[in-house]
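Trainee: I have a structure open and want to learn to read it. Where do I begin?

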Amino acid sequence: LSFALMDEPQPNLALLFTCEEPTSSSSSSAPPTRPPPCPHPGIHVGYGGCLTVDNLRDELLRIAATVNDPKRPVWVDLEAGLRSDAPGKNDEFDLGKVWACIRIIFDLGLPRPRPSYAAAR
């Protein structure tokens with residue numbers, strides 16, 4: 001199956017690599033390991049898990065080093081890291097965290113994604 005996917009990948013084929021949050025019994029504070037993307041340029045990849053406003057800058061740099069190709073687009077899924085738990089705000093999407101992440105991305109000067117068919121519509 002994987003060889004057939006590599007030969008003629010569909011334009012909507014994507015892989016999401018995720019990591020697990022460290023358990024409370026784990027004393028390791030090592031950053032999560034991120035695998036390199038599939039070598040086929042037509043297969044899109046994303047990275048998720050363990051991403052928060054507090055570690056986004058370091059993790060984006062780590063992901064960029066793992067991908068090691070400035071022209072290879074990848075995405076990150078950090079929705080869980082954009083939620084807040086506070087009195088009266090149980091698991092609420094936090095726009096303040098969203099703006100902080102946007103600022104981090106712009107401050108890093110990451111390449112902007114190229115226009116897509118969906119964006120042109």
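Mentor: Begin with contacts. A contact means heavy atoms within 4.5 Å. This model is predicted. Among its contacts with a separation of 6 or more, 64% join residues 24 or more positions apart.

Trainee: In what order do the elements of the protein run?

Mentor: From the N terminus, the order is α-β-β-α-β-β-β-α-α. That comprises four helices and five strands.

Trainee: How much of the protein counts as buried?

Mentor: Buried means under 20% relative accessible area. Here 21% of the 121 residues qualify. The accessible surface is about 9000 Å², and carbon and sulfur atoms hold 57% of that.

Trainee: Which residues make up the largest nonpolar core?

Mentor: Look for buried nonpolar residues joined through side-chain atoms. The largest such core has eight residues: Leu51, Leu56, Leu60, Leu78, Leu82, Val98, Cys101 and Ile104. Helix H2 (56-67) and helix H3 (95-108) each give two or more. H3 has the largest share, three residues.

Trainee: What is Leu82 in contact with, leaving aside its neighbours within four places in sequence?

Mentor: Its partners are Glu92, Phe93, Asp94, Lys97, Val98 and Cys101. Val98 and Cys101 are also members of the largest nonpolar core.

Conventions:
Residues are numbered from 1 along each chain as its sequence is written. This is a predicted model: local features need pLDDT of at least 70, side-chain atom pairs count only at pLDDT 80 or more; totals for chains, interfaces and linings use all residues. Side-chain values use heavy atoms; hydrogens and water are left out. A nonpolar core is a set of buried Ala, Val, Leu, Ile, Met, Phe, Trp, Tyr and Cys residues joined through side-chain atoms within 4.5 Å. Buried means under 20% relative accessible area, exposed over 50%, partly exposed in between (1.4 Å probe, protein chains only). Accessible areas come from the Shrake-Rupley method with a 1.4 Å probe; for residues, only the protein chains shown count as cover.
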